Amino acid sequence: MQKPPRPQRVLIASSHPLFAQGLRSLLLARYQRQVEIVGVATNLEEALVALERQQPDLIIVDYDDQVFNREEFLARFVESARKLRVVLISLQNPEEAIVYDRRTLAAAQIEHWLEEWPVAEPSRTAPTPGAVEISGRRAMKHLVIAGILVILVTALLIAGLERVRLLPEAAALQAVPIDWMFGLEFKVIAFLFALIVVFMVYSILVFRRKPGDTSDARHIEGNPKLEVTWTLIPLITVLAFSFLGARTLAETQAVGDKVIEVNVTGAQWAWRFEYPDWGIVTNELRLPVNTQALLHLSSLDVIHSFWVPEFRVKQDALPGDERFVRDLRITPTKIGQYKVRCAEMCGLQHAFMEAAVIVMSQADFDAWVATESGLSADPVARGQKWYQTYACYTCHTTDGSVKVGPSFKGLYGSTVKFTDGTSTTADEAYLFESIRNPAAKIVEGFPPAMPPNIAEKMSDDQVRDVIEFIKSLK
Ligand code: CUA
């Protein structure tokens with residue numbers, strides 16, 4: 001053992017003169033020139049002043065002395081954060097002393113500790129019997145093992161979570177981003193769970209107290225790098241998820257190319273569906289596949305909530321005027337039967353507030369609409385109806401006679417001459433244009449008499465039906 005280059009400076013803190021005197025003679029007798037007693041402090045203030053002025057290497061505190069509140073003393077000492085050793089010695093319990101890093105040492109260990117003290121620096125790394133010290137290499141080994149366990153547990157959890165079917169098969173376009181988001185969240189949750197539980201269980205098992213070990217653990221005062229890390233990583237994670245969540249929400253609200261509107265009304269305890277385009281009212285929701293349905297949700301009484309699990313998206317139906325109408329966009333992607341559930345506690349029969357949701361092919365849906373709205377499934381018959389409804393007959397006959405405009409009889413496929421000298425074959429595109437935009441081409445021999453907005457109230461489907469009707473008039 002190396003000899004110290006200068007005597008170790010010792011400060012004694014006790015209000016009992018006998019304690020100080022006894023300790024002084026004991027130390028001098030045992031260590032002779034290696035030790036210099038720089039002072040005796042009789043209270044906390046004196047001790048702190050002496051700490052400042054004398055710069056002692058070791059301070060020995062009377063553990064039993066009420067004047068020295070050791071909690072306060074240690075708190076103020078730690079504040080000064082000097083490389084200093086403190087020993088708290090109790091005469092009432094001479095078997096034990098407490099050193100400032102909070103280990104409790106037996107009297108025999110104190111002697112050993114004091115022997116090593118002149119060369120040990122800083123005190124925390126001094127190899128001390130009874131105290132568990134972990135070298136850098138061993139710490140790295142523990143970290144690698146725990147890290148591998150975290151990866152393994154994460155993988156197992158993700159595999160397990162993927163086997164559990166939390167939601168039924170997705171059947172709408174809007175379900176895609178929602179399922180993606182759910183998947184990502186489950187993966188991150190699995191990792192965080194593994195990170196916390198693996199480190200906790202590993203520490204409990206590997207670093208548990210060995211039999212006969214009565215020492216205290218190392219006392220650690222903060223770790224700024226670690227604290228910044230565990231603040232920044234969750235902060236960035238949460239911000240990233242809020243961004244992804246907002247993007248996913250926007251994706252579920254994207255407007256489709258073709259939209260059919262349905263007014264959905266909830267009431268205790270049933271659903272009603274109204275198709276304003278066709279004047280249909282029903283208690284089962286029928287939708288064509290791959291066409292976006294824009295649902296306008298409202299309630300007649302309390303708050304209900306429209307939810308078809310296969311479609312994922314969910315929206316409340318609120319009572320009140322049109323300001324309280326909530327929209328929900330659903331683009332079904334799979335033909336089939338589903339069920340709408342009420343997802344808001346709304347009274348006694350809440351659990352039974354269900355209605356059938358039927359996703360059909362476009363053709364089946366058109367046929368259903370035709371039947372429900374009293375229309376034929378035959379486009380020619382429907383076209384004839386529109387011919388009457390929109391009063392096309394006022395100007396266009398079906399028997400070849402001429403009124404204000406050309407007769408529909410034999411029109412389809414014939415060659416039509418225009419006032420500007422050009423001509424064309426009357427095909428579907430030409431007929432469609434002439435109904436939608438009558439002034440585009442004026443047929444020779446007729447006045448430009450058709451009002452430009454005549455077909456404003458007609459849907460494209462109705463216009464196509466009328467064309468089918470014209471085609472049938474050979
Ligand atoms: Cu309606 Cu619950």
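Modeller: Residues are numbered from 1 along each chain as its sequence is written. In this predicted model local features need pLDDT of at least 70, side-chain atom pairs count only at pLDDT 80 or more, totals for chains, interfaces and linings use all residues, and side-chain values use heavy atoms, with hydrogens and water left out.

Biologist: What span does helix α6 reach, and what is expected?

Modeller: Helix α6 covers residues 175-206, 32 residues in total. Helices are DSSP runs (H or I, at least four residues), strands likewise (E, at least two), numbered from the N terminus. The expected span is 1.5 Å times one less than the number of residues.

Biologist: Why is Thr248 called buried?

Modeller: Buried means under 20% relative accessible area, exposed over 50%, partly exposed in between (1.4 Å probe, protein chains only). Thr248 has 6%, so it counts as buried. Thr248 sits in helix α7.

Biologist: Which residues does Thr248 touch?

Modeller: Contact means heavy atoms within 4.5 Å. Leaving out residues up to four places away in sequence, Thr248 touches Pro177, Ile178, Trp180 and Met181. Pro177, Ile178 and Met181 are among the buried residues of α6. The cover over the buried residues of α6 includes α5 (136-163) and α7 (224-252).

Biologist: Why is Phe191 called partly exposed?

Modeller: Phe191 has a relative accessible area of 39%, so it is partly exposed. Phe191 belongs to helix α6.

Biologist: Asn290 and Arg312 both have positive phi without being glycine. Why is Asn290 called exposed, and why is Arg312 called buried?

Modeller: Asn290 has 54% relative accessibility, so it counts as exposed. It lies in the loop between β10 (285-288) and β11. Arg312 has 10%, so it is buried. Its loop runs between β12 (304-307) and β13 (314-317).

Biologist: What makes the peptide bond from Gln268 to Trp269 cis?

Modeller: Its omega is near 0 degrees. Trp269 is in the loop between β7 (259-267) and β8 (270-275).
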